[in-house]
Amino acid sequence: MKIAILGAAGRMGQMLCNLASQNPEFESVVKCDIVDGYEKTWPENTDAVIDFTFHSAVPANIARAVETKSAYVLGTTGLTAEEEQAVTDAATKIPVVKSANMSLGVNLLLDLVRRAAAVLGTDYDIEVVEMHHRLKKDAPSGTALMLANAAADGRNVKLEDVACYGREGLVGERPEGEIALHALRGGSVVGDHTVMYASNVERIEITHKAQSREAFAAGALRAAIWAKGKDAKIYSMRDVLNLND
Ligand SMILES: NC(=O)c1ccc[n+]([C@@H]2O[C@H](COP(=O)([O-])OP(=O)(O)OC[C@H]3O[C@@H](n4cnc5c(N)ncnc54)[C@H](O)[C@@H]3O)[C@@H](O)[C@H]2O)c1
């Protein structure tokens, strides 16, 4: 198939170009970026466009994808409400896959966590533990929050009603149904996440360890292959991975 990579000079774009060039599925890869030395647009017969640029670039990019009737994989994050609306409007004309985390492993993990929480119930205490490098500025990580939300969703509760962010001092007994999050920081860890379900008789732990940004790029390429020829609609990585049952 024929694809275009938008933001090809960026960190994610370079990774995507590299991976796509090694995959025989992609017979042509148009590398687009606003910086010199890259294409500025892509031709009519492009099957899918992968966007890892900047939020304000998305409305014009997706408008061009509508013109070229290309499937659109949106990895770019931080869109304003107006930019989101441009995506929603375009998705009435072309298939759009949109996810803030395109990693296959994390999307599968979210599904496993939700299902486990639903099956195990509140006899199993849920603790989410993440570890990242010492330079990370926010805590807990966005992915840890997604995991805790997935667990809450599995139990049919809202995370804000049951969340506990770390513990210190005389905090008392653990309330039933609590979902706790803990952030560890140190060294150069790219991103580890573990969700624990602890009962009186056993403990289940589901762990994901990220090793490189390649995980996001591989997911985006998989989404592009999947989206080719699909009906016009907004899809998520759950659809791409067939996790909707
Ligand atoms: N969904 C995911 O899984 C995921 C993973 C990582 C990053 N991201 C997001 O992807 C985006 C890019 O991340 P990055 O780390 O590669 O950023 P980056 O700054 O390294 O690269 C962005 C590139 O886009 C180019 N660009 C800007 N406007 C453009 C336009 N109109 N047309 C073509 N190219 C344009 C820039 O010149 C730059 O080369 C960010 O929004 C980031 O949050 C998403």
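The stops below say what to select and what is there.

Begin with the whole chain, bearing in mind that this is a predicted model. Shown as a C-alpha trace, the chain spans about 65 × 40 × 35 Å along its principal axes, and a cartoon view brings up secondary structure that comes to 8 helices and 11 strands. If you colour by burial, 35% of the 245 residues count as buried. Among the contacts between residues at least 6 apart in sequence, 70% join residues that are at least 24 apart.

Next, select residues 2-102 together with 213-240, which the domain assignment gives as domain 1, and then residues 105-209, which the assignment gives as domain 2. The centres of domain 1 and domain 2, taken over C-alpha atoms, are separated by 31 Å. Where do the two domains meet, and how many residues of each are in contact? The contact involves 4 residues of domain 1 and 5 residues of domain 2; on the side of domain 1 that touches domain 2, the residues divide into 2 nonpolar, 1 polar and 1 charged.

Finally, select the ligand and the 24 residues around it, of which Gly 7, Gly 10, Met 12, Ala 57 and Met 102 come nearest. Colouring this shell by class shows 12 nonpolar, 10 polar and 2 charged residues. Which helix gives the most to the shell around the ligand? Selecting residues 11-21 highlights helix α1, which gives the most, with 3 residues.

Technical notes
Residues numbered from 1 in each chain as written. Predicted model: local features only at pLDDT ≥ 70, side-chain atom pairs only at ≥ 80, totals over all residues. Near = placed C-beta within 6 Å. Helix = DSSP H or I, 4+ residues; strand = E, 2+ residues; numbered from the N terminus. Nonpolar A, V, L, I, M, F, W, Y, C, P; charged D, E, K, R; others polar. Domains from an automatic or database assignment. Contact = placed C-beta atoms within 7 Å. Buried ≥ 20, exposed ≤ 12 C-beta atoms within 10 Å, placed from the backbone.
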